[in-house]
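The following note sets out numbered points on the model, for reading alongside the sequence and the coordinates. Please consult the display below before turning to them.

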Amino acid sequence: MDKKNLLDLDRAGLVEFFAGHGEKSFRATQVMKWIYGQGVTDFDAMTNISKTLRAGLYDIATIDLPKVVSDSLSEDGSRKWLLQMADDNCIEAVFIPEADRGTLCVSSQVGCMLNCSFCSTAQQGFNRNLTSAEIISQLLVAAMALGQTADGERRISNVVMMGMGEPLLNYDNVVRAMGVMLDDYGFGLSKRRITLSTAGVVPALRQLRQDCDVSLAVSLHAPDDLLRNQLVPLNKKYPISVLLEACKEYVGEGRRRVTFEYVMLAGINDSDGHARQLARVLEGVPAKVNLIPFNPFPETRYQRSSGNRIHRFFEILNSAGIVTITRRTRGDDIDAACGQLAGEFMDRTRRRERSQQKHRTVAQ
Ligand code: SAH
């Protein structure tokens, strides 16, 4: 019989699992407290569970964490883990400490299918979706490595689904893992403190609002469809007007806002005109804008906009009344900045190979 990795189950799943083995439902919360509260992954150390049940658990269940292949610390305090899963694929998770919070950037897929032209993960191609165990494991591994603050607080106060992959194309597993992040017996985070970032998979966005309405970030990167089609090809399927409607629906009438991410690419999307157009496009949308200085990677054709340009862009949005912040680049000395996460895996789409072939043909 296949043993069940308990990290793949949310609370309801654990209750069902234990019921299936003739156990009471409180076993679910007991086990969750050990795993997510204490970082205990060995059944024998779960001392409030009877010896017989503990012994029985070894036959039917596992708590399988990925292997930490490397653990790099940046000069600025951010930290990146390269994690190897059972099939040898590797993904990355990054911790970013700030004065008032500690944010873990979590991956949702091995690679990515979307092929955004400025993203290093896209260059690597795609292999597969992560299981919900592999998603929640990133928090567990990081939490165990980071320990607690002097006053016993967890160091991870926020999670951003902004690592490798498009979370809304791995919907069920991402939602289940976020359920464990939110659960009081899991990581006990509030919805405000989990942010899902998407390139704009509109139907899944509508569904997410009903299932798990965490904070939303949308990778916009361009104020018009022509340009966005080039940067984020998914735009051909869900153009800006459709995407913004879905964003408005997502936040509803309340006070919440959508964060729009905008990568600053020199000479591409960073002119005064682009800024003014962006302000117009976002009129009537409860929005915040997050300007991200482009993080270069080998073989990219783009460059980062200058500091002055970014500042000017910022000023235009600000004076149009849009709350705007410029994201500080963190962890670039360990290749942990936005868009630099690459992991190590087999590209099933052979995207890299195909693009190199194309370049060769053009060069001839
Ligand atoms: N697929 C999701 C989440 C992953 S990317 C999404 O598209 O939102 C997380 C953020 O990093 C996105 O806003 C993405 O556009 C941005 N990003 C990707 N490559 C980047 C790069 N080279 N420099 C700066 N930001 C980048």
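In which loop is arginine 330 found? Arginine 330 is found in the loop between strand S14 (323-326) and helix H12 (351-363); helices (H or I, at least four residues) and strands (E, at least two) are DSSP runs, numbered from the N terminus.

1. Basis of the note. This is a predicted model, in which local features need pLDDT of at least 70, side-chain atom pairs count only at pLDDT 80 or more, and totals for chains, interfaces and linings use all residues. Residues are numbered from 1 along each chain as its sequence is written, and side-chain values use heavy atoms, with hydrogens and water left out.

2. Arginine 330. This residue is buried, with a relative accessible area of 12%; buried means under 20% relative accessible area, exposed over 50%, and partly exposed in between (1.4 Å probe, protein chains only). Not counting residues up to four places away in sequence, arginine 330 touches Asp76, Ser78, Ile96, Pro97, Glu98, Ala336 and Ala337, where contact means heavy atoms within 4.5 Å. Methionine 85 is 245 residues from arginine 330 in sequence and 26 Å from it in space, C-alpha to C-alpha.

3. Domains. The protein is divided into domain 1 (4-62) and domain 2 (67-358), with bounds that come from an automatic or database domain assignment. Their C-alpha centres lie 33 Å apart. Across the boundary, 13 residues of domain 1 are in contact with 14 residues of domain 2.

4. Arginine 54. Helix H3 (residues 51-60) contains arginine 54, and this residue is buried at a relative accessible area of 10%. Phe43, Asp44, Met46, Thr47 and Ile49 are touched by arginine 54, not counting residues up to four places away in sequence. Asparagine 318 is 264 residues from arginine 54 along the chain, and their C-alpha atoms are separated by 58 Å.

5. Ligand shell. The ligand is surrounded by 20 residues, the closest being Phe118, Ser197, Ser219, His221 and Asn295; a residue is counted as near if one of its heavy atoms lies within 4 Å. By class, the shell has 10 nonpolar, eight polar and two charged residues. Here Ala, Val, Leu, Ile, Met, Phe, Trp, Tyr, Cys and Pro count as nonpolar, Asp, Glu, Lys and Arg as charged, and the others, Gly among them, as polar. Strand S10 (194-198), strand S12 (258-264) and strand S13 (287-293) each supply at least two residues of this shell.

6. Ligand distances. A polar side-chain atom of serine 219 lies 2.6 Å from an oxygen atom of the ligand. A ligand nitrogen atom is 2.9 Å from a polar backbone atom of phenylalanine 118. For glutamate 261, an N or O atom in the side chain is 3.1 Å from an oxygen atom of the ligand. The protein covers 96% of the 530 Å² of accessible area that the ligand has on its own, an area that comes from the Shrake-Rupley method with a 1.4 Å probe.

7. The loop between S4 and S5. Aspartate 88 is found in the loop between strand S4 (79-84) and strand S5 (90-98), and it counts as exposed at 52% relative accessibility. Phi of aspartate 88 is near 80 degrees, a positive value in a residue other than glycine. Most residues other than glycine have a negative phi. Alanine 86 also lies between S4 and S5 and counts as exposed, at 86% relative accessibility. Asparagine 89, in the loop between S4 and S5, is buried with a relative accessible area of 5%. A polar contact of 3.3 Å joins the side chains of asparagine 89 and asparagine 127 (a pair of N or O atoms within 3.5 Å; within protein, one must be able to donate a hydrogen and the other to accept it, and residues adjacent in sequence count only if both atoms are side-chain atoms).

8. Arginine 257. The loop between helix H9 (240-251) and S12 holds arginine 257, which counts as partly exposed at 41% relative accessibility. Its side chain reaches the backbone oxygen of alanine 287 at 3.3 Å. The C-alpha atoms of arginine 257 and lysine 288 are separated by 6.5 Å, although these residues are 31 apart along the chain.
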